Amino acid sequence: MNEAEKTLLDLLDIERLEVDLFRGTGSGGETPTRIYGGQVVAQALAAAYRTVEDRLCHSLHAYFIRPGDPSIPVVYQVDRARDGGSFTTRRVVAIQHGKQILNLSASFHVQDDGWDHQHPMPGVEGPDAHPTRDELRQRYLDRVPEKFRTEFLRERPIEVREVDPLDLFDPSPGDDRNHLWFRMKAAAGADPKTQHLLLAYASDMALLSSGLRPHGLSWFKREVNGASLDHAMWFHAPIRFENWHLYTMDAPWTGHGRSFNRGAIYTEDGMLVASVAQEGLMRRRKTST
């Protein structure tokens with residue numbers, strides 16, 4: 001296990017302060033200036049899971065209300081909305097500086113029998129056919145100001161292989177459909193709840209960028225202000241995130257300063273294990289005159 005993987009697992013091991021009150025670390029995620037959205041979602045789900053014993057999450061819905069401050073902890077308050085025979089519902093409020101930064105509702109379901117079908121996984125080349133995130137970023141190192149290079153190249157816990165990466169600094173307009181392979185080797189041996197937390201953390205990666213692709217935009221071009229506004233996720237099948245998973249994404253619509261993005265997550269052999277939806281801010285950056 002490398003240091004980045006250990007940091008992520010520590011982030012998800014939140015501290016219990018009271019019966020339904022928890023505290024999580026704010027720093028250490030994907031972004032240094034504000035808390036990475038997937039981190040707050042995963043920690044909020046971890047807080048909900050601490051109050052649920054005999055069932056797994058099947059869906060979550062979250063609203064990002066304020067940017068998170070990575071310099072201080074996040075407090076998570078759990079409301080035990082319902083404990084039913086088949087379904088359990090929890091509401092979690094994430095708080096910093098006395099204000100809400102995220103609201104999350106999660107539903108947990110016992111194992112039921114039913115009818116099975118799924119859409120097939122897109123036919124893309126496997127992970128070994130694509131460069132690592134480190135290899136991709138090395139290509140752009142001479143275009144990154146020296147003061148940002150350490151952060152740009154910092155080791156991350158999630159291993160990523162983009163299928164059709166666009167130029168980070170000067171992309172041409174492309175298809176909104178976007179695929180990447182990802183995994184975390186240190187997930188090996190983790191329990192099903194922790195597997196959910198890790199996938200929830202990773203599900204916020206690259207999804208918002210799908211809406212940029214048709215317009216030839218990049219976060220590095222400083223033409224657009226963006227942030228996740230909400231995040232929804234459905235878990236369909238058991239997860240073993242130490243293995244490669246394909247994250248296939250698209251953005252059916254952008255407009256009015258927002259982008260709507262969807263994702264489907266498959267195992268390497270084609271089983272659909274989760275679905276994701278997110279709306280994000282995609283506002284023109286104001287330029288000084």
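This is a predicted model: local features need pLDDT of at least 70, side-chain atom pairs count only at pLDDT 80 or more; totals for chains, interfaces and linings use all residues.
Residues are numbered from 1 along each chain as its sequence is written, and side-chain values use heavy atoms, with hydrogens and water left out.

I begin with the overall form. The protein contains five helices and 13 strands, where helices (H or I, at least four residues) and strands (E, at least two) are DSSP runs numbered from the N terminus. Its C-alpha trace spans about 55 × 45 × 40 Å along the principal axes. For 289 residues, a compact globule would have a radius of gyration near 19 Å, and the 19 Å of the protein agrees with that; the radius is taken over C-alpha atoms, and the globule rule is 2.2 Å times the number of residues to the power 0.38.

Buried residues make up 48% of the 289. Here buried means under 20% relative accessible area, exposed over 50%, and partly exposed in between, with a 1.4 Å probe and protein chains only. Taking contact as heavy atoms within 4.5 Å, 71% of the contacts between residues at least 6 apart in sequence join residues at least 24 apart.

What does the largest nonpolar core contain? It has 57 residues, and those with the most contacts inside it are Leu-45, Leu-102, Ile-158, Phe-182, Leu-199 and Phe-241. Such a core is a set of buried Ala, Val, Leu, Ile, Met, Phe, Trp, Tyr and Cys residues joined through side-chain atoms within 4.5 Å. Helix α2 (residues 37–49) supplies the largest share of this core, nine residues. A second, separate core of five residues includes Tyr-140, Val-144, Phe-152 and Phe-169.

Neighbours within four places in sequence aside, the contacts of Leu-45 are Cys-57, Leu-60, Ala-106, Phe-108, His-196, Leu-197, Ala-200 and Phe-235. One of these partners, His-196, lies in helix α5 (residues 192–202). Is His-196 buried or exposed? With a relative accessible area of 5%, His-196 is buried. With neighbours within four places again left aside, His-196 touches Leu-45, Tyr-49, Leu-56, Cys-57, Phe-235 and Ile-239.

Next, the backbone. Most residues other than glycine have a negative phi. Ala-206, however, has a phi near 70°, a positive value in a residue other than glycine. Ala-206 sits in the loop between α5 and β9 (224–228) and is partly exposed, at 29% relative accessible area. His-256 also has a positive phi, near 55°. His-256 is placed in the loop between β11 (245–255) and β12 (258–267), and it counts as exposed because its relative accessibility is 71%.

Two further positions complete the survey. Glu-135 belongs to helix α3 (residues 133–139) and is partly exposed, with a relative accessible area of 45%. Between Glu-135 and Ser-86 there are 49 residues in sequence and 47 Å in space, C-alpha to C-alpha. Gly-123, in the loop between β6 (99–109) and α3, is exposed at 84%. Gly-123 and Leu-212 are 89 residues apart in sequence, with their C-alpha atoms 23 Å apart.

That concludes my presentation.
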